[in-house]
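I wanted to look up a few things in this structure and write them down in order.

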Amino acid sequence: MTNLDPFTRETIAQGLLAAADEMFYSWGRTSQSTIIYEVLDYACGLTDSNGNLIGQANGATMFLGAISFSAKAILRKFGKDNIKPGDIFLTNDPYTGSGTHLCDVAAILPIFFDGDLVAFSVNKGHWNEVGGKNLGSWSTDATEIFQEGLQLPDIRVYDGGKFNESVRDIIAANCRTPEMTLGDLYAQTAALRTAENRVLEIFRKYGREKVLQSIAYILESGKKIALLELSRMPKGIFYGNDVLDTDANGVDDIPVKVKVTITNERMIFDFTGSGPAVFAPINCSIYGAYSGARIIYQALVSPHTPANDGFYSPLEVIAPEGCLFNAVKPYPVSCDWEPIQILTDVVLRALAPVMPERVPAGHFLSIIGTIIGGIEDKTGKPFVMCEPQAGGWGAGYNKDGERGLVAVCDGETFVIPVEVCEFRYPIRVEQFALNPKVGNGEFIGGHGLIRDYRVLNSGAELTTMASRYKNAPWGFAGGSDGSRNEVQVHRSSGGMESRATWSHERLERGDVVRFISGGGGGYGDPRKRPAAKVFDDWKNEYISLEEARDEFGVVIDRENRRIDEEKTSLLRETDYQLTAGEEKRNEPKNAKGVLL
């Protein structure tokens, strides 16, 4: 074996990561869909020849498991002996490794050097249209996966470099926007080849043995970092409970339970006892569960460590087959972000008491996936605006929550800019504001958003889903709960209706859809928030005078625009004495009233 010095080894490792980054930018700059080039709902990465993730560019965090699982699905189906240079494979099968809903299509390219399979370049992103019963494909009222669009079950789309035109024709015939969908396919596969070229440049420069040693080092190093961080974490078994509330297809709230076990060698998330899969599109496959588990594992263990399968090797997920987090075909998965999101949140709730410095209060949680589409009056062609909504995050032990940030599973994604939305679609954005309702605390929750879309077309349809519609994001350590998500439709003819879930709802010209994303939970006692911060909150119009006084115990002189220090001190001291007295009265006593 060649003796590889650490400088060369690190240079090779960083070169491989740079190849994944270049793939990411290449796809984003050549895509035809706003969901790719504006929202960035995609991810790119490299694996070794066995499908183990060695590097991934920033993107949708929900795809953290999809890169490696998609490559391994191809290896399971075809085997290394039936894979050759020039092949490219597609998969969107959530039950074999792609992991998420059918709109998320993974493309896999095997990389050969001197005749040997040495790596895979893999990317995965949201296609705006893959057919199905609803415009935009993903559906909030599907009862089986066959209603959700075209399934690509680990297929070969390029055979030895030759494009399979029959596959192209099948895709084009089964989606409503074939030019856009095929354009994204071409951009996606071209980006794979960009990464392939960069990886082969590294192999040619340094030689096969040195590069493979560097890949092994990446995986070994990731595992060492994970074990080191696990050794510093609290050990034991911790429990968390929650419910998934979406009202999809009239399904009752689904119980979500987790048992988290932390040792020096393992972190285990056991979801035994969670509710069963349902005939509504709010299930996920075991691969989707692993993707969600990887998100929260990374956040807790070492957020800044590069993603690779060595780092993830101590993680284990247990989810009984047939439960919400291990649905099997034909259960629908269109809105699988809802179970994946709540999976991350219930783990945080379990660990919050023992890791208060790492775990923030609850955030708005739902991606509030949005489709507004129809047949455009001017062109007679279908239009599909698809995007997530951003909202408020929970406060932490030393900071306020983030305002207007996409949910945890969306990672490095964005909402569509107002200008792009109005240019590309017959829609006008009439409000884009902060939602003032947040969880109060020494550190306040982040503000959600209020975003209004007015329909300028003669007609359109709305599909969306929001969990945390009944149950607000949780406060922590004395902080209050945040606010709930809500989607309203204001009719031009008069009247308003609010729901968690809307399924291809007919909209008329002039109707307004209002998305209200929740505010994050607060952290700590609100009366301990520095008076100067409370004054700034009032000055910046985040809170009213009454809220400053009643919630935070700060009296503000409106006329002179200053804090009334004397009244504030008196109010907070009185509140402290009342609170202390109440706590004392509630201390356990024996039958004679003596404190125990």
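**Strands and spaces**

I began with β16, residues 459-465, and found that this strand pairs with β19 in the antiparallel sense over six bridges. The model I am reading is predicted. Within this pairing I looked up Thr464, which stands opposite Trp502 in β19.

Next I asked what order the strands of the open sheet follow. I read the order of the four strands as β13-β12-β16-β19, with antiparallel pairing. β13 and β19 (501-508) are at the edges and have a single partner strand each, so one side of each lacks a neighbour in the sheet. I noted an average twist of 15 degrees from one strand to the next.

Then I turned to cavities. How many of 30 Å³ or more does a search of the whole structure find? I found one. For the largest cavity I wrote down a volume of about 160 Å³. Its lining has 17 residues, and those nearest the centre are Asp41, His101, His126, Trp337 and Ile367. I sorted this lining by class and got eight nonpolar, four polar and five charged residues.

My last entry is on the second largest pocket, with a volume of about 330 Å³. It is lined by 15 residues, and Thr177, Met180, Lys381, Pro382 and Phe383 are the closest to its centre. I checked which elements give two or more residues to this lining, and they are α5 (178-206) and β13 (382-387). By class, I listed six nonpolar, four polar and five charged residues in the lining of this pocket.

Terms used
Residues are numbered from 1 along each chain as its sequence is written. This is a predicted model: local features need pLDDT of at least 70, side-chain atom pairs count only at pLDDT 80 or more; totals for chains, interfaces and linings use all residues. Side-chain values use heavy atoms; hydrogens and water are left out. On a 1 Å grid over the protein atoms alone, a cavity is a set of points where a 1.4 Å probe fits but cannot get out, and a pocket is an open set with protein on both sides within 12 Å along at least five of seven lines; lining residues have an atom within 4 Å of a point. Grid points are joined across faces, edges and corners, and a volume is the space filled by probe spheres set on the points. Ala, Val, Leu, Ile, Met, Phe, Trp, Tyr, Cys and Pro count as nonpolar, Asp, Glu, Lys and Arg as charged, and the others, Gly among them, as polar. Two strands pair if DSSP finds at least two bridges between them. Axes are lines fitted to C-alpha atoms, for helices over the stretch in contact, and angles run from 0 to 180 degrees between N-to-C directions.
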